[in-house]
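Dear colleague,

Please find the structure below, handed over for your use.

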Amino acid sequence: MVQLSTPGEEEGGARVMTYSEAAAAALARAMRADASVVALGEDLGRGGIFGQYRGLLEAFSAARVIDTPISEATIAGSAVGMALTGLRPVVERRVVDFALCAMDEIVNQAAKNRFMFGGQGRLPMVIRMPIGIWSASAAQHSQSLEAWFAHVPGLVVVCPSTPQDNYALLQAALASGDPVAYFEHKELWATQGEVDPAHTVELGRARIARPGRDLTIVSWSRTVHESLEAAQLLAGEGIEAEVIDLRTIWPWDRETVEASAQRTGRVLVAHEAVQVAGFGAEIVATLAEHADALLARVGAPRAPVGYSPPLEAQARVGATAIAAAARRLARRGR
């Protein structure tokens, strides 16, 4: 377990952490710095179901790491009240699928409050909602619903793909002052990477995960890793793909994506969410209006995720499917 209370953490240098450990360390840092930061949700006392709160109860007590009843609407509604009265709550949804029980509090209360009351109140709350397929967990535990929340005015939408970004983006989300829909992927928790606590990431800024000249692949969350694997496959065929990790899908980094589109002339958007009405459609539509490039997208079929491995595999957007879509795009117009 990563030490959560190291003095002078910012100067301690980079170290290897898992995606889960990075999240716990980032939240611990925020809680040490600001007594108004609290966490509430189900299973926090045992460290969260993915270990993303491990050690926090012991470090900060049950007054700030709050185990709640199994009532998603109550948890979200309580957090709205906390935020309006000066706290900075971090809400744990366990998985995004369960957030559907609290949509009124998130969409009608948290997202709209600042606008409806003329900015008199701010809601500095982070709602953590793990997305994506969770192996052998079936249709009600394997959804990617980030496009729903991107559609809601007033919400910031964040999708970290690496331990470093899970640390830095959680820090940025906690500091933003607005309600943040924070989507960690259910199958990234054990992935490892170097984390530098001093490294900062601005909300709305993408990163170029791999440079390339022939086409651009835009993605976020776990599909970034599949896109990088696809780019490696394509490189063996002489196709150099640039891979962009959006990091946040609202606001999304149009400037970086449009600049890449102008350089390569071809853009493929890849995501694990259902392709129909997914956020990839927004990116493709925007590029169609503002960039001179050939465009395509790849996403999951419009079907519930199956429990059996063969059915589940049909819903996954893997490197092979991304590479095939990229090959088709590379051939267009030639």
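Predicted model: local features only at pLDDT ≥ 70, side-chain atom pairs only at ≥ 80, totals over all residues.

Leaving aside residues up to four places away in sequence, F149 touches V96, M103, I106, M129, L155, V157, A181 and F183.

F149 also belongs to the largest nonpolar core, which has 49 residues. Within this core, the residues that touch the most other members are M125, M129, F149, F183, L246 and I283. Two or more residues come from each of β2 (37-41), α3 (72-84), α4 (103-110), α6 (146-150), α9, β13 (266-274) and α10. The most is given by α3, with 6 residues. There is also a second, separate core of 31 residues, and A26, Y53, Y182 and V201 are among its members. As a general point, nonpolar side chains in soluble globular proteins tend to be buried together.

Helix α9 (residues 254-264) packs with helix α10 (residues 279-290) at an angle of about 60 degrees, and their axes are 11 Å apart. The two helices are therefore oblique to each other. The crossing in which α9 passes α10 is right-handed. On the α9 side, the contact is made by R254, V257, E258, A261 and Q262, and on the α10 side by I283, T286, L287 and H290. By class, this contact has 4 nonpolar, 3 polar and 2 charged residues.

Yours sincerely

Technical notes. Residues numbered from 1 in each chain as written. Heavy atoms only, no water. Axes fitted to C-alpha atoms, helices over the stretch in contact; angles between N-to-C directions. Helix = DSSP H or I, 4+ residues; strand = E, 2+ residues; numbered from the N terminus. Parallel < 35°, antiparallel > 145°, perpendicular 65-115°, else oblique. Left-handed = near helix turned anticlockwise from the far one by under 90°. Contact = heavy atoms within 4.5 Å. Nonpolar A, V, L, I, M, F, W, Y, C, P; charged D, E, K, R; others polar. Core = buried A, V, L, I, M, F, W, Y, C linked by side-chain atoms within 4.5 Å. Buried < 20%, exposed > 50% of the residue type's maximum accessible area, 1.4 Å probe, protein only.
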